[in-house]
Every structure is written in C-alpha cells, then in structure tokens.
Amino acid sequence: MILAESLGCDVYKRRHNIHYAYATGGMYYGIASQELVTAMANNGFMGFFGAGGLSLEKIEETILFLKDNIQNTNYGINILYNHILSAKESAIIDLLLKHEIRNVEAASFPIVTPEIVRYRLKGAYRTKDGAVKSLNNVMAKVSRIEVATPFMSPAPANIIEELLVGGKITKAEAEMSCEIPVANEICIEAESAGHTDRRVANIVFPSMQKLRDKSCCEHKYSEKICIGLAGGIGTPEAIAAAFVMGADFILTGSINQCTIESGTHPYVKELLSKMGIEDTDFTPTGDMFETDAKIQVLRKGVLFPVRAKKLQEIYNKYNSLLELTSEEKNFLIDKIFNGKSFDEIYNELKQYFPSAIVEQAEHDPKAKMALIFKDYFYKSIKNAYSGNVSEKLNFQIHIGAAMGAFNDYVAGTELADHSKRSAPKIAKILMEDAAKKLNAFYNGFQKN
Ligand SMILES: Cc1cc2nc3c(=O)[nH]c(=O)nc-3n(C[C@H](O)[C@H](O)[C@H](O)COP(=O)(O)O)c2cc1C
C-alpha cells in the first residue's frame with residue numbers, strides 16, 4: 001500500500017529529516033512568510049522563505065525567528081539572481097553561513113555564481129569512507145537544460161580559483177570541489193506562477209532526469225542529486241503524476257499564497273480563492289521589461305495584464321516618449337500613471353535608482369521610456385502586496401493556474417473557504433489523496 005509518506009525519494013527525506021517529499025517554494029517579500037515556513041517545517045515538510053525584495057536586516061530577523069521556532073534544519077532561504085545587486089547576494093550568503101542555515105533555493109540563476117559555490121563548499125569535509133560531504137544543500141530551481149547542466153556539475157575551475165585567491169574557501173575545500181555538484185537538488189520548474197519559461201512538465205522532466213543520471217555517473221558523486229518538480233501542482237492527480245514520472249520531491253507555490261500563513265493581503269487571498277483554471281494571463285515583467293520574458297498573473301478582476309501589455313507594445317513601437325501620439329500619451333497618463341506626467345515620474349525615480357541606470361536613461365531616450373514604464377510594474381506589485389484597494393484594478397498578482405485547479409479540487413468542502421487553508425494541512429491532504437489515487441490506479445491495474 002502506498003502512503004503519503006512513502007511517495008518520493010528516501011535520500012531526499014532522510015537528508016532533510018522530513019516525513020513528506022514535499023516543499024513549499026519561496027515567494028518574494030515574505031509572501032512565503034516565516035509563519036508559513038515554520039508551519040511546514042514543524043509538520044514534516046520542507047519550506048523556503050521568500051527573501052526576494054527584503055532588506056538584509058529583515059532577512060536576518062527572519063533567520064533568527066526560524067532558528068528559534070524550528071528544531072530541525074528542514075527549511076531554507078530563497079535567493080534570487082540579481083546581476084545589478086550581486087553584492088546583496090554575497091551579503092545574504094554571509095548571513096546564511098553565519099547562522100548555519102543549511103538550505104538555499106537558488107532561483108533565476110542563468111549561471112553558477114561564485115557566491116553559490118562559496119555557500120556550497122564552506123565547511124565541506126571528507127567522511128571516513130572517503131566521500132565528500134557538504135554541510136550546505138543548494139536547490140537550484142531551473143527550467144532549461146543549459147542552465148541545469150552547470151548546476152549538476154562540479155564548480156568551474158575559474159570560480160574555485162577566484163574564491164581560493166580571495167581567501168573565501170580553504171585549499172581543502174577547493175580540492176574537494178571536484179567531487180560534489182554545485183547543486184545537490186534540482187527543482188525543475190514547469191509553467192508556474194510569476195516568472196515562467198512556460199515549460200511543459202511531461203517534456204522537460206524526463207530530459208532533466210536523464211541529464212541527472214548522466215551527470216551522477218560521469219562525476220561518480222557519492223550522493224544522489226535529487227530532482228524535484230514544480231509548476232502546475234495543485235491537485236492530487238498532479239502530485240501522483242509527478243511521482244510516477246520519477247520526481248524525488250515536489251514543490252508547490254501558487255496554492256500556498258492562499259493560505260492563512262502566507263504574507264499575501266486578505267483581499268488578494270479572497271480573489272485567489274475564487275479563481276478558476278482559466279483566470280490567469282502571461283504578461284511582460286518589470287524586471288525584464290525590455291525582453292520577451294513573461295510572468296503568469298491573475299487576470300480575473302484586474303486590469304494589470306492588459307495595461308502591462310499595452311506598455312510593452314508602446315515601448316516596442318517607439319524609440320522615445322516624444323514619438324507617442326497625443327492619444328497614446330493621454331491614455332498612459334490618465335489610465336496607467338494616475339495623472340502623473342512622465343517628467344514627474346522620472347524625477348521621482350531618479351532619487352532611488354543606481355546612478356549608472358539614471359546616467360543611461362539621460363543619454364538614451366528608449367532606456368528612459370523603459371525606466372518610466374517599469375514604475376507601473378513596481379507600483380502594481382507593491383500595491384497588491386500591501387492591499388491598497390484604491391489601486392485594486394492595477395494589482396499585479398503572481399499566480400499560476402494551479403491555484404484554480406486547487407479551488408476546483410476543494411470546491412464544496414470546508415477548504416473552499418480560504419480562511420481554513422493552512423499550508424501544511426493542504427499539503428498533507430494533497431499527498432494523502434495522491435497516495436489514494438495511486439493505490440486505486442495500481443489496484444485497478446492488477447485486476448485488469
Ligand atoms: C506570489 C508568488 C511569488 C513568488 N516569488 C518567488 C520568489 O521570490 N522566488 C522564487 O524562486 N520563486 C517564487 N515564486 C515561485 C514559487 O516558489 C514556485 O516555484 C512556483 O510558484 C511553483 O509553481 P506553481 O505556482 O504552479 O505552483 C513565487 C510564486 C508566487 C505564487
């Protein structure tokens with residue numbers, strides 16, 4: 001008989017001393033809050049705190065809270081790649097090492113960075129039987145093979161050299177680096193909430209699994225690289241399918257945003273609890289506005305998706321704000337920027353953007369247009385987070401269709417009411433129902 005606890009990989013569960021091969025992913029601004037992480041960890045799951053966008057002080061405060069409230073080490077901190085603020089990445093790693101936080105969820109990293117390698121190698125040691133062990137687990141959340149490959153490999157020699165010369169790792173740690181992968185856990189992210197490559201789980205998972213097997217065999221790692229699956233998981237069926245495909249663990253995101261522990265505003269939780277599987281859209285994103293990168297957001301009841309697309313359409317059409325027709329200009333000022341002129345917005349932005357970015361905007365009218373347009377994205381996300389209902393039509397709410405699937409699954413039960421949804425409670429029910437589905441499937445299979 002399959003039990004919820006027997007799903008997934010024992011190596012993963014033993015590594016973290018957890019009952020269930022189930023993790024909740026980080027959600028920026030502490031939406032994946034300290035309460036959410038604590039509740040998950042204390043109920044036999046894995047949880048990652050959403051440190052994105054928070055100050056170092058807030059992150060340290062949270063780390064102390066987690067250490068005080070969780071006996072085990074089955075929790076971690078989410079780190080987002082930021083090419084502009086790489087100094088912050090380094091400062092966060094310092095904090096994690098100082099407080100002996102054993103798990104990191106590294107997301108949106110297009111490359112392996114020296115800081116991630118430093119975290120992984122610090123304190124690495126050799127066991128009596130000769131195997132290299134790291135104290136720190138890196139879970140790289142990836143969607144693409146070319147990004148996953150270097151994370152499944154030992155750290156590159158140039159990074160090891162840089163860290164060694166800079167005195168950031170010891171000679172012994174450098175020497176051991178070739179025997180362990182940069183990331184001992186890979187979470188494959190299929191189409192998900194927020195930033196998404198819109199990958200199809202059924203396609204990307206088997207290829208990544210093959211890559212993992214090849215990498216483990218080629219480098220003769222003593223410890224397995226565990227592969228998890230995220231994106232679109234909101235029902236027992238999705239969980240059962242992930243484990244049947246061979247997932248060592250699963251990770252959920254969207255469904256945890258609508259729980260009592262999440263840091264999301266109650267107004268937003270109410271909207272989320274009412275959405276269906278077709279109520280999301282894919283729009284441009286503020287942090288990568290100039291590219292065709294996409295985020296998945298709530299569509300029902302808000303105008304953010306239409307307005308975000310309109311801004312990018314205008315940006316792609318012109319080289320300068322001076323080229324806009326008066327109709328376009330008036331539309332943007334009235335409907336999107338609440339009556340503020342482009343100059344007013346720009347003068348405000350100049351106060352807090354790094355000088356290099358302002359300098360570029362001064363010389364490049366297209367860059368200036370992007371900077372001003374991005375203001376809409378920053379404000380719409382902040383307003384949604386703080387529940388500023390006077391701006392409710394502009395709320396930018398990152399969510400995946402998994403939320404709608406979960407709402408369908410719990411329709412007519414007490415969990416239809418979002419105030420009854422606790423993250424570990426829904427995780428346990430989902431895992432138990434996934435186990436029941438699998439038992440029913442195998443029993444039926446044997447009879448036929
Ligand atoms: C509101 C929200 C914010 C998120 N913020 C982050 C983040 O800061 N860092 C990160 O790695 N992933 C972030 N995610 C992604 C989740 O950690 C998770 O990988 C993803 O939601 C899984 O896909 P699903 O939404 O289909 O369940 C966020 C997701 C949501 C819903």
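Let's start with residue classes: Ala, Val, Leu, Ile, Met, Phe, Trp, Tyr, Cys and Pro count as nonpolar, Asp, Glu, Lys and Arg as charged, and the others, Gly among them, as polar. What you're looking at is a predicted model, in which local features need pLDDT of at least 70 and side-chain atom pairs count only at pLDDT 80 or more, while totals for chains, interfaces and linings use all residues. Residues are numbered from 1 along each chain as its sequence is written.

**Around the ligand**

The ligand has 29 residues around it, and the closest are Gly-25, Ala-107, Ser-192, Gly-253 and Gly-400. (A residue is near a molecule or strand if its C-beta atom, placed from the backbone, lies within 6 Å of it.) Two or more residues of this shell come from each of strand S3 (75–80), strand S4 (103–107), strand S11 (249–252) and helix H11 (254–257). Those labels are DSSP runs numbered from the N terminus, with helices (H or I) of at least four residues and strands (E) of at least two. Sorted by class, the shell holds 11 nonpolar, 15 polar and three charged residues.

**Two helix pairs**

Two packed helices are described by the angle between their axes and the distance between the axes. Axes here are lines fitted to C-alpha atoms, for helices over the stretch in contact, and angles run from 0 to 180 degrees between N-to-C directions.

| Helix pair | Angle | Axis distance |
|---|---|---|
| H4 (residues 86–98) and H5 (residues 114–121) | about 10 degrees | 9 Å |
| H16 (residues 355–363) and H17 (residues 365–386) | about 125 degrees | 5 Å |

Angles under 35 degrees count as roughly parallel, over 145 as roughly antiparallel, 65 to 115 as roughly perpendicular and the rest as oblique. So H4 is roughly parallel to H5, and H16 is oblique to H17.

Which residues bring H4 and H5 together? From H4 they are Glu-89, Ser-90, Ile-93, Leu-96 and Leu-97, and from H5 Glu-115, Arg-118 and Tyr-119. (Contact means C-beta atoms, placed from the backbone, within 7 Å.) That contact has four nonpolar, one polar and three charged residues.

In the other pair, Ile-357, Gln-360 and Ala-361 of H16 meet Ala-367, Lys-368 and Leu-371 of H17. By class, this contact has four nonpolar, one polar and one charged residues.

**Domains**

An automatic or database domain assignment sets the bounds, giving domain 1 (4–267) and domain 2 (303–394). Their centres, taken over C-alpha atoms, are 34 Å apart. Each domain puts five residues into the contact. On the domain 1 side, four are nonpolar, one is polar and none is charged.

Conventions
Two residues are in contact if their C-beta atoms, placed from the backbone, lie within 7 Å.
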